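Student: Please take me through one part of this model in detail, the strands and how they pair. I would like a single connected account.

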Amino acid sequence: MSQRFVVRATGPARPGQTAALGTALVSANCRLLDLSQHVAFGEVTLEALVETADDLGALLPTAGDVFGLDCRVEKVAAESEALWADVDKDARWILTLMAPALSAEVMAEVGALTAEQGLTIQQVKRLSAKGQLDVVSPTDAGACLEWRLSGAVHDSTSLREKILALSERFHVDVALQPANLWQRHRRLICFDMDSTLIQAEVIDELARRHGVYDEVAAVTERAMRGELDFQQSFRERMSKLEGLDESVLAEIADSLSLMPGLERLMRYLKRLGYRTAILSGGFTYFARYLQERLGFDEVHANELVIRDGKVTGEVQAPIIDAERKATILRQIAEREGWQLAQTVAVGDGANDLKMLSTAGMGIAFHAKPLVRREAQQSVSVTGLDGLLYLLGYSEAELTALSAGE
């Protein structure tokens, strides 16, 4: 009667070990049912699920004499196989942990949180560059570990709240997403502009230069209290800019500070073939400036009306508001023949929430607490290039991509 065994071989990694184990299994008249191999810190772990009618432990020669590895043979009980089959049916998840540096305490907290939710850690893989995880490196995007998990989440609401609390407590970014086909097959990434791509709210900068900042801020405050909707508040704020000289726009554009990591992110997104778009409630004048500088594929923002070198305080319709952003994202995906699951949206404000919920992955970037709670994912510590980790790319892969050009 045939029996099933797991052969586990471990030791210093070197070429030829898989071939040697295979040869030994052939000599023992084994059928190979499954195989796994992993190397970490110079040590290899080789595991083979096999079937044979004989006593495998007696048939396999001593490990050291054959392939220089410590080899153990374990008989597989029927209940173990049934358990494996159940585990294979479990949902799969990817937890991405990012920060300038990661400590053992953070590892412990993440491990405890996943265990509390009934999730099994299948694999932990480093995506960031080599070096000590707990030491801040000024030369890359920080430390990142990708955790592969399985199991049904016990309480998704509680898990989301605890992820946000853990992020704030340890000043780290934690993102949990389903492990599916789409993580590395997104095609479209849409960005808000003000306070997402640039470190400013342009309308505030224009108001300061025109001497009407307090008036514009008062309108903004009324909108936040719910007295005005976005379009009403936008038109009223714009009216305060009437008479602003067009030359001021160029001066502000030249002085815009980009968000950390933006240039690096755009460089790799272009090389990886993503389509990028700015969907902004700000102004096309500044969005086109970023497009020319960084290579965004398309821009959708509000068009200032300028006559005789002066801002009129009007904008051309339609105004880009929350609903319009979500609509444009859907339209681009449909036009290009992509599913919404292949889209990513990045923004920081309440005006971005509809766009974030429409996209396959919505990311609140350095956002206000309300937006962080509502968005699918939140990045508040790392720069914009941390999005490359969320898309599943490792530093080694990105370096190789650059080297190949």
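Tutor: Two strands count as paired if DSSP finds at least two bridges between them. The model is a predicted one. With that criterion, strand 12 (residues 304-307) and strand 13 (residues 310-315) pair in the antiparallel sense, over three bridges. Leu-304 stands opposite Val-315 of strand 13.

Parallel pairing is found in an open sheet of six strands, whose order is 11-10-9-14-15-16. Its edge strands, each pairing on one side only, are strand 11 (298-302) and strand 16 (377-379). Direction ignored, neighbouring strands of the sheet are turned against each other by 20° on average. Helix 13 (residues 322-336) packs on this sheet and touches strand 9, strand 10, strand 11 and strand 14 (343-347). The direction of helix 13 makes about 160° with that of strand 10.

Within the sheet, strand 9 (residues 188-191) and strand 10 (residues 275-283) run parallel and are joined by four bridges. Ile-189 stands opposite Thr-276 in strand 10. In general, strands of a sheet pair through backbone hydrogen bonds, either parallel or antiparallel.

Gly-42 lies in the loop between strand 2 (31-40) and strand 3 (43-52). Leaving aside residues up to four places away in sequence, Gly-42 touches Gly-11, Pro-12 and Ala-13. The C-alpha atoms of Gly-42 and Ala-13 are separated by 5.7 Å, although the two residues are 29 residues apart along the chain. Gly-42 has a relative accessible area of 43%, so it is classed as partly exposed.

Technical notes: Residues numbered from 1 in each chain as written. Predicted model: local features only at pLDDT ≥ 70, side-chain atom pairs only at ≥ 80, totals over all residues. Heavy atoms only, no water. Helix = DSSP H or I, 4+ residues; strand = E, 2+ residues; numbered from the N terminus. Axes fitted to C-alpha atoms, helices over the stretch in contact; angles between N-to-C directions. Contact = heavy atoms within 4.5 Å. Buried < 20%, exposed > 50% of the residue type's maximum accessible area, 1.4 Å probe, protein only.
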